[in-house]
Amino acid sequence: MKENKVRSTDIELKDKLVALNRVTKVTKGGRTFSFSAVVVVGNEDGVVGHGLGKAKEVVEAISKGVDDAKKNLIRVPVINGSVPHIQKGKYSGARVFLRPAANGTGVIAGGAMRAVLESAGITDILAKSQGSSNPHNVVKATMNALSLMRDAATVARDRGVSMDKVFNG
């Protein structure tokens, strides 16, 4: 289901740093430090993406992560600031659970998940991270769950029926 991919041109994207990791490589000349950055970008209106950047310097790693995130954008259905239905997502050892919430609830989610959900423009959601807490995998599991989300209009179009038939069975 790759139909919800988005191009990054002509979209105003905001980026958030989710995790920054200092990596050490030991050589015979000593230790070599480099950085890896997990970055989430979004327009806070239903478009979100994630990326990983690696470089010798922090700023360069973050900018590479932003460039990578712009290549992995997806469109997420946001209805009244929440998601349309309950959805589970999985990536490697990380599992996430997303549930729609009433207006005024806020984003009830952990760090890595919160960054993805806020970048997508979701303001009210109940979310739970289960399994691995590795930020790389939690971000990918959240993106997986969001990519599986479908709104009622999409369901009606896929089934070839009218909107009231979707709700009334």
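How many bridges join strand β6 to strand β8, and do the two run parallel or antiparallel? There are seven of them, between β6 (residues 94-100) and β8 (residues 125-131), and the two strands run antiparallel. Within this pair, R99 stands opposite L126 in β8.

Before going on, some ground rules. This is a predicted model, where local features need pLDDT of at least 70 and side-chain atom pairs count only at pLDDT 80 or more, while totals for chains, interfaces and linings use all residues. Residues are numbered from 1 along each chain as its sequence is written, and side-chain values use heavy atoms, with hydrogens and water left out.

**The overall picture**

The protein has five helices and eight strands. Both kinds of element are DSSP runs numbered from the N terminus: helices are H or I with at least four residues, strands are E with at least two. Reading from the N terminus, the order is β-β-β-α-β-β-β-β-α-β-α-α-α. Along its principal axes, the C-alpha trace spans about 70 × 35 × 30 Å.

Of the 169 residues, 38% are buried. Here buried means under 20% relative accessible area, exposed means over 50%, and partly exposed is in between (1.4 Å probe, protein chains only). The accessible surface comes to about 9,600 Å², and 48% of that belongs to carbon and sulfur atoms; the areas come from the Shrake-Rupley method with a 1.4 Å probe, and for residues only the protein chains shown count as cover.

Now for contacts, meaning heavy atoms within 4.5 Å. Among those between residues at least 6 apart in sequence, 57% join residues at least 24 apart.

**The sheet**

Back to β6 and β8: they belong to an open sheet of four strands, in the order β5-β6-β8-β7, with mixed pairing. Its edge strands are β5 and β7 (107-108), each of which pairs on one side only. For two strands to pair, DSSP has to find at least two bridges between them.

**Charges and salt bridges**

On the charge side, the protein carries 26 positive and 15 negative charges, and their mean positions are 11 Å apart. Lys and Arg count as positive, Asp and Glu as negative, and His and the chain ends are not counted. Each charge is placed at NZ of Lys, CZ of Arg, CG of Asp or CD of Glu.

A salt bridge needs a side-chain nitrogen of Lys or Arg within 4 Å of a carboxyl oxygen of Asp or Glu. By that rule the count comes to four, including these:

| Salt bridge | N to O distance |
|---|---|
| E44 and K14 | 3.4 Å |
| K16 and E118 | 2.9 Å |
| D158 and R150 | 3.2 Å |

Take E44 and K14, whose side chains meet in a salt bridge. E44 lies in the loop between β2 and β3 while K14 is in strand β1 (residues 14-27), so the pair ties together parts that are 30 residues apart in sequence.

The side chains of K16 and E118 also meet, and this pair links distant parts of the chain: K16 in strand β1 and E118 in helix α2 (residues 111-119), 102 residues apart. K16 is partly exposed, at 25% relative accessible area, and E118 is partly exposed too, at 28%. K16 and E118 are linked with R114 in a network of salt bridges.

As for D158 and R150, D158 counts as partly exposed at 43% relative accessibility, and R150 likewise at 29%.

Which phi does E44 have, positive or negative? Although E44 is not a glycine, its phi is positive, about 55°. The loop where E44 sits runs between β2 (30-42) and β3 (47-55), and E44 is partly exposed, with a relative accessible area of 37%.

N80 is another non-glycine with a positive phi, of about 50°. Its place is in the loop between β4 (73-75) and β5 (87-91). N80 is exposed, with a relative accessible area of 63%.

**Around α4 and α5**

Helix α4 (residues 152-159) has T154, V155 and A156 as its buried residues. Their cover includes α5 (163-168). After α4 comes G160, with a positive phi near 75°.

V161 lies in the loop between α4 and α5 and is partly exposed, at 33% relative accessible area. Leaving aside neighbours within four places in sequence, V161 is in contact with A156 and V166. A156 is one of the buried residues of α4.
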